[in-house]
Amino acid sequence: MAKNDKPNVLFISFDDMNHYVGFLDRAPNAVTPHMNRLAERSTVFERGYCQAPICNPSRASLMSGLRPSTTGVYNNRQPLRFSDAGKDCVTLPQHFQKNGYLTTGSGKVYHGKFPDPMSWDSYMPSPFQQGYKGARPDHLPVNGMESMGNLDWGPMDVADEEMGDSKSVSYCVEQLQAEHDKPFFLTCGFTTTHLMWHAPKKYIEQYNLDDIELPDTFKNDLDDVSEVGRKWANRGPHKRIKDENQWKKAIQSYLGCMSYADTLIGRLLGVLNTSAYADNTVIVLWADHGWHLGEKEHWKKSTLWEEATRVPLLFSAPGYLPSTCSKPVSLIDIYPTLIELCDLPKREELEGQSLVPLMANPDRNWPYPAITTHGHKNHAIRSERWRYIQYADGSEELYDHENDEMEWHNLADDPAQEDIMEILSQWLPENDAPDAEVLEWPRDDGLYEERIKAMMKE
Ligand SMILES: [Ca+2]
Ligand SMILES: [Ca+2]
């Protein structure tokens with residue numbers, strides 16, 4: 001293969017970054033100019049969804065191209081490589097590697113505890129550690145709220161260079177400045193938007209607390225949802241955050257973490273744009289799942305509602321005009337999309353759809369909904385207009401986004417909606433794999449590393 005015969009891939013991932021990012025609609029005052037500029041030259045999928053509303057199963061699905069309901073990887077303690085379907089799967093970077101690409105990168109791409117060394121020619125800081133350690137506050141909690149676990153936020157008096165994500169970006173910048181004899185698949189994984197939300201203070205303090213807009217909520221919103229949904233909602237923390245006047249401060253710090261990451265995106269793209277790879281590099285930017293900041297009286301992720309499942313997703317590729325696409329698409333579509341954009345051999349086992357037809361024509365007919373799964377047999381089906389949820393116990397929710405974008409009114413008991421629920425339920429996965437092996441271990445006994453090394457020798 002001739003040098004630069006194929007386009008390079010810059011694969012940018014975010015942890016827990018939701019649609020408050022500036023180029024989407026919730027918080028247009030979010031200060032993310034570099035991502036916004038990238039969005040202006042990309043196809044922005046404004047209805048992008050994850051396959052699972054927590055880290056490990058979402059990333060395992062994206063990187064394998066297989067649904068959680070196919071691998072049985074539903075929670076954060078189930079390594080993809082220990083599942084029947086994932087054991088020998090060819091991950092996205094592996095497919096590129098087998099087809100002549102250099103695969104390298106830094107930062108969190110797989111779930112933090114389950115890196116995948118077989119995916120890479122090299123990885124920084126090491127194949128078993130995806131990100132660098134960075135500055136931490138001297139005292140916790142910074143926000144003064146005791147006994148709230150990792151729900152902490154606030155500024156730190158540190159330089160950007162002391163942050164872990166800055167170090168990952170430095171490695172990626174070096175790669176963009178280097179001369180490569182093969183096309184590259186370069187990943188850059190950001191974690192700053194993951195709790196706890198501590199960033200250099202200039203990024204957080206640039207947001208005036210008075211200007212922070214709280215999301216709309218609805219009195220007794222959870223009265224009409226399934227018992228399962230009610231159980232998943234973190235109403236206790238929501239009440240404390242409200243009562244202790246922390247709601248705006250939380251959003252301020254979350255946006256501040258985004259703005260810090262955005263500055264790094266500016267650094268990365270600034271180097272790319274003046275490099276030898278400026279005109280032949282595909283960029284994909286995604287986040288692993290959404291986040292509730294008090295919507296539906298809930299904080300964090302782990303629900304099948306819009307806030308926990310909606311993600312930023314964009315592609316910039318040579319030859320494709322910028323556009324905004326409102327069709328529902330999924331993170332599982334990234335793998336087949338990159339295959340098509342780089343003209344690599346197809347893989348029959350992949351369960352997503354290439355989004356290239358939508359990049360060519362964002363208004364074309366698109367029959368596929370986005371499917372999100374949280375635990376065995378709990379699924380959400382998101383079409384352009386509707387969200388239909390069916391829980392393992394058979395209970396259901398239905399939301400009409402044309403009239404109810406905050407999902408306040410569950411229509412599942414409305415006889416007039418039976419037909420649409422019937423149509424949407426046909427998209428429920430046919431197979432619900434039983435739970436994959438759970439790895440219980442004291443944090444650093446090395447069991448995961450040991451087993452992966454043994455698999456690599458086989
Ligand atoms: Ca995550
Ligand atoms: Ca409600």
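Me: Phe-11 stands opposite Val-284 in β8. What makes β1 and β8 paired strands?

Reply: Two strands pair if DSSP finds at least two bridges between them; seven bridges join β1 to β8 (residues 281–287), and the two run parallel. The model is predicted: local features need pLDDT of at least 70, side-chain atom pairs count only at pLDDT 80 or more, and totals for chains, interfaces and linings use all residues. Residues are numbered from 1 along each chain as its sequence is written, while chains are lettered from A and ligands numbered from 1 in the order in which they are written.

Me: How many bridges join β1 to β6?

Reply: Six bridges link β1 with β6 (residues 184–190), again in parallel. Val-9 stands opposite Phe-185 there. Strands (E, at least two residues) and helices (H or I, at least four) are DSSP runs, numbered from the N terminus.

Me: Why is β1 called largely enclosed?

Reply: A residue is buried if 20 or more other C-beta atoms lie within 10 Å of its own, exposed if 12 or fewer, and partly exposed in between, with C-beta atoms placed from the backbone. Seven of the seven residues of β1 (residues 8–14) are buried, so the rest of the structure largely encloses the strand. Asn-8, Leu-10, Ile-12 and Phe-14 lie on one side, and Val-9, Phe-11 and Ser-13 on the other.

Me: What makes α11 mostly covered, and what covers its buried residues?

Reply: In α11 (residues 334–341), seven of eight residues are buried, including Tyr-335 and Leu-338. Counting contacts as C-beta atoms within 7 Å, the cover includes β1, α2 (55–64) and β8.

Conventions: Contact = placed C-beta atoms within 7 Å.
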